[in-house]
Amino acid sequence: MSGDPVIRVSHLVKRYGHADAPNVVDDVSFTVDQGRTLALVGESGAGKSTIGAILTGLQTATSGTVQVCGEDRSRPARSTRSRRHRGSQLQLVAQDPFTSLNPRQKIGDAIAEAVALHCRLSPSQRRERVRELLDAVGLTPHHATVTPRALSGGQRQRVAIARALAAQPEVVVLDEAVSALDVSVQAQVLNLLNDLQAQTRTAYVFITHDLAVVRQIAHDVVVLRHGRIVEQGEANAILNQPQQPYTQLLLASTPRPGWTPPPR
Ligand SMILES: Nc1ncnc2c1ncn2[C@@H]1O[C@H](COP(=O)(O)OP(=O)(O)O)[C@@H](O)[C@H]1O
Ligand SMILES: [Mg+2]
């Protein structure tokens, strides 16, 4: 049904290990609509990646519910078919594409593999789809013929995005996806993500510790601290008029254009 959020997280709780271990995610609720970008922000250890891992099915919630495209994801997928179905709804782009790319596999084959997983196409249709995906992320047919080592960090991240898009997902979770890149390359990848979203209406859950990138990409923001939501709302409001002292502190420690060090 159009109009319903593509992600609905309600009262999510996660503890690792024992029942008396601390909640690393503690009563977190948010929704994401089609075509929108929600940034999950907070310092290291805030629980951001854990939420991403639960959304992608790599971790199981302790309690609370997670729905993607209206379907419950609180329990792991039981079958290959169900995993593939979930992959067609939601894809992950991680910080370091080196961990997801086979160093010996040519880029074209890596993308073709992702295409083959999600669509039944003839070999020539598949080659055409790989060419389209390379083009969509700003790479050339030449890049299909090389291995990951021959690419820059920004180019590798473009390959990871192409592989995620091969599934034509409703949602992409990006966990610190631009954090390892230089600021200028970061800006290029963020522009690419914005352009792709304008074309496809894909929703993004954009996980970052860096508020400077939030300004460039997010419509909505959830600020997390020690697993709990400190503040949430529209990005403009949160970035320009943060209500909570913790958000103000995070913003004050983020260098940005025109930034001057706070007085001591
Ligand atoms: N697999 C795990 N087992 C046990 N503890 C974990 C595991 N993953 C993360 N944690 C702990 O959960 C907390 C939140 O981690 P994480 O979700 O990675 O935060 P963030 O991505 O915001 O840095 C941290 O205290 C971390 O040490
Ligand atoms: Mg993390």
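Residues are numbered from 1 along each chain as its sequence is written, and ligands are numbered from 1 in the order in which they are written. In this predicted model local features need pLDDT of at least 70 and side-chain atom pairs count only at pLDDT 80 or more, and side-chain values use heavy atoms.

Helix 3 (residues 107–118) packs against helix 4 (residues 123–136) at an angle of about 110°, with the axes 9 Å apart. Helix 3 is therefore roughly perpendicular to helix 4 (65 to 115 degrees). In contact (heavy atoms within 4.5 Å) are Ile107, Gly108, Ile111, Ala112, Val115 and Ala116 of helix 3 with Arg126, Arg129, Val130, Leu133 and Leu134 of helix 4. These residues comprise eight nonpolar, one polar and two charged.

The axes of helix 3 and helix 5 (residues 153–165) come within 8 Å and cross at roughly 25°. Helix 3 is therefore roughly parallel to helix 5 (angles under 35 degrees). On helix 3, Ile107, Ala110, Ile111, Glu113 and Ala114 take part, and on helix 5, Val159, Ala162 and Arg163. Six residues of this contact are nonpolar, none is polar and two are charged.

Ligand 1 is surrounded (a heavy atom within 4 Å) by Tyr16, Val24, Gln59 and the residues Glu43, Ser44, Gly45, Ala46, Gly47, Lys48, Ser49 and Thr50. Polar contacts are pairs of N or O atoms within 3.5 Å. A polar side-chain atom of lysine 48 lies 2.8 Å from an oxygen atom of ligand 1, and a backbone N or O atom of glycine 47 lies 3.0 Å from an oxygen atom of the ligand. Tyrosine 16 places a polar side-chain atom 3.3 Å from a ligand nitrogen atom.

Key. Axes are lines fitted to C-alpha atoms, for helices over the stretch in contact, and angles run from 0 to 180 degrees between N-to-C directions. Helices (H or I, at least four residues) and strands (E, at least two) are DSSP runs, numbered from the N terminus. Angles under 35 degrees count as roughly parallel, over 145 as roughly antiparallel, 65 to 115 as roughly perpendicular and the rest as oblique. Ala, Val, Leu, Ile, Met, Phe, Trp, Tyr, Cys and Pro count as nonpolar, Asp, Glu, Lys and Arg as charged, and the others, Gly among them, as polar. A polar contact is a pair of N or O atoms within 3.5 Å; within protein, one must be able to donate a hydrogen and the other to accept it, and residues adjacent in sequence count only if both atoms are side-chain atoms.
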